[in-house]
Structure formats: C-alpha cells, structure tokens
Amino acid sequence: MKFLILNGPNLNMLGVREPGIYGTVDYEGMVNFVKEGCAAIGVETEFYQSNHEGSLVDAIQSALGLYDGIVINPGAYTHTSIAILDALKAVALPAAEVHISDVTKREPFRQISYAGMACQVHVIGQGIAGYVQAAAQLKAQIEQQ
Ligand code: CA2
C-alpha cells in the first residue's frame, strides 16, 4: 500500500516557530518520523509540501493511478480552498485529513474544513503522530472494502 502525504503552506516551517502549537520537530524530522511509522504498519510513503494552492491541486491530480490513498494536511488552505476539495473529489482516492494542532479549540475561522469534506478519516490535535494514525486508519478502511 502506497500513500501520498501532502502538506500545505508554512508546514515547511515546522520546528522553527510556534513550538507550543506545532511542536519542535522540523519538516525533515517529521518526514522521517512519519515515513518510519508508516513503514512499520506496511505503508510506503512519498511526501510533497507546497505553499501554493495550484501546486497542491496538481499533486492531488497526479496521485491518481500512482497511490492507494492521500494523507493531507492542507495547512491554512483547509479553511479556504474549494479547489483542493474539488481535486480530492475529482480523483476520488481514499483520503485522510490531518491537523497537528487541535483546530477545534482555536479561532472561529479554523472551524470549517473544506478539504475534510472529501476525507474519510480525520485526525486532529495529535501532533505529528497524527499522520501515522491517519495512515493506519485509512489503510484499515481500504482493507475493509
Ligand atoms: O494544525 C495544523 O496542522 C494546521 O493545518 C496548521 C496550519 C493552520 O493554518 C491550520 O489551521 C491548522 C498552519 C501551518 C503553519 O505551520 C507553522 C509551523 C511553524 C511555524 C509557523 C507555522
């Protein structure tokens, strides 16, 4: 099983600022942690991060036929991007939404998730471990089908 792990804007800044919200592990450290955690549950991973909405849409479209599922943390585009929602719906791959922080306890503008509307799995507020939890839940759902 092979998943594409997508990260949106500013997630390349992990570990650099706001450690109280996003933790102290940097982007490369997160990639290594998630890659190893996913390998341990039998999931192969490839990673892509972009600060650009259209590039994320392109990556979602390119996933069709290459991956069994998508794990996505769209960053702030979570709360604004119907283009990412539409791309996830267009490819119709099994998809999981991850948020490192607990967005449910943050500002009102973070309370809507457009991308999440196309996801079967939602893992919120579990730090970077949430990516591995999301991959495990998505794998279990795919195997049940
Ligand atoms: O909790 C999450 O994973 C978020 O998707 C992160 C986004 C935020 O806009 C969402 O509401 C929730 C922001 C990512 C920014 O990451 C930073 C990392 C280090 C320093 C500053 C920002």
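Modeller: Happy to! A residue counts as buried when its relative accessible area is under 20%, as exposed when that area is over 50%, and as partly exposed in between, using a 1.4 Å probe and the protein chains only. What you see is a predicted model, in which local features need pLDDT of at least 70 and side-chain atom pairs count only at pLDDT 80 or more, while totals for chains, interfaces and linings use all residues. Residues are numbered from 1 along each chain as its sequence is written, and side-chain values use heavy atoms, with hydrogens and water left out.

Let us start with the cysteines. Cys38 is buried, because its relative accessibility is 0%. Cys119 is buried as well, because its relative accessibility is 9%. A disulfide would need two cysteine sulfur atoms within 2.5 Å, and a search of the whole structure finds zero of them. Cys38 is in no disulfide, and the nearest cysteine sulfur belongs to Cys119, 15 Å away.

Now for the packing itself. A nonpolar core here is a set of buried Ala, Val, Leu, Ile, Met, Phe, Trp, Tyr and Cys residues joined through side-chain atoms within 4.5 Å. The largest such core holds 23 residues, and those with the most contacts inside it are Phe3, Met30, Val34, Val71, Tyr131, Ala134 and Leu138. The elements giving two or more residues to this core are β1 (2-7), α2 (27-40), β4, β5 and α5 (129-144). Of these, α5 gives the most, with six residues. As for the naming, helices (H or I, at least four residues) and strands (E, at least two) are DSSP runs, numbered from the N terminus. A second, separate core of 21 residues includes Val57, Ala63, Tyr77 and Ala87.

Contact means heavy atoms within 4.5 Å, and, not counting residues up to four places away in sequence, Val34 touches Ile5, Phe47, Ile128, Tyr131 and Val132. Ile128 counts as buried because its relative accessible area is 14%. Leaving out residues up to four places away in sequence, Ile128 touches Val25, Met30, Phe33, Val34 and Ile100. The C-alpha atoms of Ile128 and Leu14 are separated by 10 Å, although these residues are 114 apart along the chain.

Ser81 is buried because its relative accessible area is 0%, and it lies in the loop between β3 (69-73) and α4 (82-91). A polar contact is a pair of N or O atoms within 3.5 Å; within protein, one must be able to donate a hydrogen and the other to accept it, and residues adjacent in sequence count only if both atoms are side-chain atoms. A polar side-chain atom of Ser81 is 3.4 Å from the backbone nitrogen of Ala83. Further along the sequence, Ser81 touches Glu53 and Tyr114, with residues up to four places away not counted.

The side chains of Ser113 and Glu97 are joined by a polar contact of 2.5 Å. A polar atom of the Ser113 side chain also lies 2.9 Å from the backbone nitrogen of Gly116.

Next comes the ligand. A residue is near it if one of the residue's heavy atoms lies within 4 Å; of the 17 residues around the ligand, Asn73, His79, Ile100, Ser101 and Arg110 come nearest. A polar side-chain atom of Asn73 is 2.8 Å from a ligand oxygen, and a side-chain N or O atom of His99 is 3.0 Å from an oxygen atom of the ligand. The protein covers 93% of the 500 Å² of accessible area that the ligand has on its own; such areas come from the Shrake-Rupley method with a 1.4 Å probe, and for residues only the protein chains shown count as cover.

To finish, here is some contrast. Asn10, in the loop between β1 and α1 (19-22), is exposed because its relative accessibility is 54%. A backbone N or O atom of Asn10 lies 3.4 Å from an oxygen atom of the ligand. Most residues other than glycine have a negative phi. Asn10, not a glycine, has a positive phi of about 75°.
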